[in-house]
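Here is a short briefing on one protein chain. Keep the structure open beside the text and find each element as you read.

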Amino acid sequence: MVLASAGRRPNDWATQFISGTVAATACAARWSAAAASGPAGTGCCAGPPQPARVRTAAAPAAMTGKVVRDSIGAPYRPALGKDGGVATLRSVNVGLPKDVLWRGRSVHTGIWKSPVDGAAMVRRLNVDGDGQGDLGGHGGEQRAVFVYQLDSYRYWREFLGRDDFSYGQFGENFTVDGLADDEVRIGDRYRIGAALFEVTQPRVTCYRVGIRMDDPRMPALLVRHRRPGFYFRVLEEGAVRAGDEIVKVADGPEAMTVAEVDALLYLPGHPRDRIERALRIPALSPGWQGSFRAMLAQPEAASGNAGLVEAEPAPAWAGFRPLRVTAVDEESSTIASVRLADPGGTPVAPALPGQFLTVRLKPGLVRSYSLSGGPGDAEYRISVKREPHGLASGYLHTHVRPGDVIDVAAPRGTFVLRPGTAPVLLVSGGVGATPVLAMLHALADEKSGREVWWVQAARNGAERPFATEVSGLLAALPNARSYVAFSRPGPEDRLGGDFDGAGRLSATVLGGLGLPGGVEAYLCGPSSFLGDVSAALAGIGVPAGRIHTEIFGSRPGLTPGIGATPTRAPHLPEGEPGTGPAVSFVRSDLTVPWPGSAASLLELAEACDVPVRWSCRVGVCHNCETGLLSGDVEYTTEPVDPPAEGNVLICSSRPRSAVVLDL
Ligand SMILES: Cc1cc2nc3c(=O)[nH]c(=O)nc-3n(C[C@H](O)[C@H](O)[C@H](O)COP(=O)(O)OP(=O)(O)OC[C@H]3O[C@@H](n4cnc5c(N)ncnc54)[C@H](O)[C@@H]3O)c2cc1C
Ligand code: FES
């Protein structure tokens with residue numbers, strides 16, 4: 001069992017998957033999930049086809065009917081190369097998505113596949129009669145046909161001690177004899193029947209393979225044991241049938257196997273030269289290319305796996321530490337700024353422009369606030385809008401005075417200004433101006449030559465914060481422009497002086513600004529504002545990847561394949577209250593004693609209807625990676641690759657002490 005705490009990374013990670021300790025653990029009925037990868041198509045590799053038969057082990061002796069029984073009880077032996085057989089398509093399997101009941105919830109999945117009798121037509125997006133339940137994680141041009149090997153069937157039968165597999169068991173369309181993951185290269189091309197295929201990427205494992213296999217460890221096992229299987233793109237449509245020979249017609253460039261590319265993303269290590277090499281393979285799907293590019297761009301200071309989640313530097317300190325209030329300043333009729341400094345007079349640790357910190361005002365009253373000052377300032381500044389009946393904002397506005405001491409967790413967050421030369425668009429609504437103001441400070445501090453657009457929405461002049469400060473910062477920038485919109489201008493507000501337009505920020509308004517091409521947009525404000533402005537920017541051609549948003553509350557959940565459930569505000573779990581350490585979900589403002597019955601922090605969050613993100617549920621995909629603001633956890637299943645320092649994979653951990661989570 002591996003321990004982790006806020007700001008301290010678990011140790012001894014690298015050895016865990018090699019030691020294969022998972023094999024010894026029982027199937028402890030806890031499930032997991034994953035996503036990733038890319039839907040759109042890439043160009044084909046050029047070059048004349050060069051037919052070459054793929055050598056493989058002899059066909060299994062007793063593969064009859066639908067149940068695979070050829071090597072039950074026989075010692076495991078590698079499939080390739082020894083017996084000189086020809087690789088063959090052993091079964092074509094299809095299935096349409098259906099709803100299955102899983103832990104009281106309805107899961108929409110196409111992982112149940114059954115063999116086709118006779119010929120099956122393979123088309124650009126699917127084998128006829130086949131479908132995927134979740135097109136975000138599966139299917140599409142790059143993942144049209146999933147391939148799994150009989151050799152891996154034998155391996156898992158022996159490893160798992162099972163004899164109940166049938167064709168399509170791993171959700172594959174093609175069950176093949178030969179084409180091992182450690183031999184097939186990304187970009188290889190194969191002729192099967194009348195169709196031509198190209199290998200695009202390894203499988204992206206998710207919890208549904210665990211459901212299908214009746215073993216929740218499966219998504220992690222497939223990765224740890226380097227037997228993921230892979231996807232084909234269909235270069236030429238045509239009919240295939242069980243028994244067809246598989247003929248290799250072209251070698252993938254760079255000689256990188258499916259097993260190696262899979263390990264490069266998911267397993268510890270990530271050597272740069274191999275990542276660069278993988279990126280030179282045109283056939284590699286755009287989703288995997290994006291992940292590898294993110295890994296290469298990961299700053300030195302950042303830990304964790306940037307191919308799976310956005311990277312951020314390790315927090316400057318673990319847990320909460322006391323900071324002294326040095327000033328409380330009014331910024332508008334509803335917003336006040338609080339400055340926080342080290343009690344010993346040392347400058348505070350620098351933050352990235354756009355990051356937030358978390359304050360504990362009294363036990364159980366914990367909130368996060370974006371930093372609104374300059375990222376290199378000697379003190380932190382937060383700016384808080386007083387909400388009607390709001391506990392923390394009311395406390396900060398009415399109780400907090402210079403000289404007070406407040407517990408503060410280190411700056412965090414991935415909503416940060418990216419370096420570069422691209423034009424920058426900073427858009428805010430109301431108090432959402434705080435993180436983008438920090439970005440404006442950073443740009444002004446470095447006297448950036450970038451084109452900078454400041455677009456601010458507020459109700460009126462009385463409620464617009466930072467007007468004078470923003471003017472000064474914009475004046476320090478050579479290429480800055482601004483647009484201020486008031487939804488309900490007051491009688492004192494002057495059009496053309498205090499504001500530039502009345503009403504909301506619409507697509508028409510944004511389109512009329514003449515924004516430059518290639519702009520990187522940073523948005524913060526109420527969720528309806530974020531939705532409207534994002535749609536407006538998309539409408540004028542800003543790509544989704546260049547629109548970055550910050551939410552002052554819970555992030556949207558990610559629960560792939562789960563049918564819609566009525567949304568309920570976060571609440572205490574049903575049943576007897578727990579007696580374990582306190583678990584605080586800060587964004588949901590909920591603290592719950594740990595109940596012994598919960599298998600993981602993820603399960604507890606789900607029992608409380610706290611919005612969560614997950615996909616594999618067993619430590620592979622990192623979708624559940626969450627900031628551990630304070631406290632210690634222990635892992636019940638070792639993560640395949642560790643999360644970033646100061647973060648935790650909630651799907652496979654539970655608290656060892658009181659924990660505070662950025663959830
Ligand atoms: C990453 C991040 C950054 C943030 N940055 C900022 C920032 O820079 N500035 C900022 O001001 N906020 C920011 N927030 C929001 C902040 O964390 C708090 O959520 C906010 O201050 C409200 O907290 P509260 O305790 O005052 O309100 P709560 O007591 O939590 O109440 C939440 C809402 O419910 C309403 N409410 C509460 N009780 C009642 C009742 N009895 N009847 C009717 N309505 C009620 C309140 O009006 C309020 O709108 C940020 C949040 C996050 C997650
Ligand atoms: S859900 Fe995949 S790592 Fe936690």
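Six strands form an open sheet, in the order β20-β19-β22-β17-β18-β21, and their pairing is antiparallel. The edges belong to β20 and β21; each has a single partner strand, so one side of each lacks a neighbour in the sheet. From one strand to the next, the twist averages 40°. Note that this is a predicted model.

**Inside the antiparallel sheet**

- Strands β17 (residues 320–330) and β22 (residues 405–412) pair over five bridges, in the antiparallel sense.
- One bridge can be picked out by name: R321 has V408 in β22 as its partner.
- As background, strands of a sheet pair through backbone hydrogen bonds, either parallel or antiparallel.

**The parallel sheet and its helix**

- Another open sheet of six strands has parallel pairing and the order β26-β25-β24-β23-β27-β28.
- Its edge strands are β26 (501–502) and β28 (547–550), and each pairs on one side only.
- Helix α9 packs on this sheet, touching β23 (424–429), β24, β27 (520–524) and β28.
- The direction of α9 makes about 150° with that of β23.
- Seven bridges link β24 (residues 452–458) with β25 (residues 480–486), and the two strands run parallel.
- In that pair, W453 stands opposite R481 of β25.

**The nonpolar core**

- The largest nonpolar core holds 159 residues. Those with the most contacts inside it are V145, L357, L426 and A605.
- Helix α9 (residues 433–445) gives this core its largest share, eight residues.
- What does L426 touch, leaving out residues up to four places away in sequence? Its contacts are V436, M439, L440, W453, W454, V455 and Y522.
- In soluble globular proteins, nonpolar side chains tend to be buried together.

- Strand β29 (residues 582–585) runs antiparallel to β30, and four bridges join them.
- V583 stands opposite V592 in β30.
- Four residues lie between the two strands of this hairpin, where D589 takes a positive phi near 50°.
- Side chains alternate along β30 (residues 590–593).

- Several residues of α2 are buried: L150, D151, S152, Y153, R154, W156 and R157.
- The buried residues of α2 pack against β5 (88–94), β10 (145–149) and β11.
- Just after α2, G161 takes a positive phi of about 65°.
- G171 sits in the loop between α2 (150–160) and β11 (174–177).
- G171 counts as buried because it has 24 C-beta neighbours inside 10 Å.
- Which residues does G171 touch, leaving out those up to four places away in sequence? They are I111, K113, F146, V209 and R212.
- G171 and K113 are 58 residues apart in sequence, but their C-alpha atoms are 6.0 Å apart in space.

**Two loop residues with positive phi**

- R226 is not a glycine, yet it has a positive phi of about 55°. R226 lies in the loop between α4 (218–224) and β14 (230–236).
- A255 is not a glycine either, and it has a positive phi of about 50°. A255 lies in the loop between β16 (246–250) and α5 (258–266).
- Is R226 buried or exposed? R226 has 20 C-beta neighbours inside 10 Å, so it counts as buried.
- A255 has 12 C-beta neighbours inside 10 Å, so it counts as exposed.

**The whole chain**

- The chain has 13 helices and 35 strands.
- Of its 663 residues, 50% count as buried.
- Among contacts between residues at least 6 apart in sequence, 75% join residues at least 24 apart.

Key
Residues numbered from 1 in each chain as written. Chains lettered and ligands numbered in written order. Predicted model: local features only at pLDDT ≥ 70, side-chain atom pairs only at ≥ 80, totals over all residues. Pairing = 2+ DSSP bridges. Axes fitted to C-alpha atoms, helices over the stretch in contact; angles between N-to-C directions. Contact = placed C-beta atoms within 7 Å. Core = buried A, V, L, I, M, F, W, Y, C linked by C-beta atoms within 7 Å.
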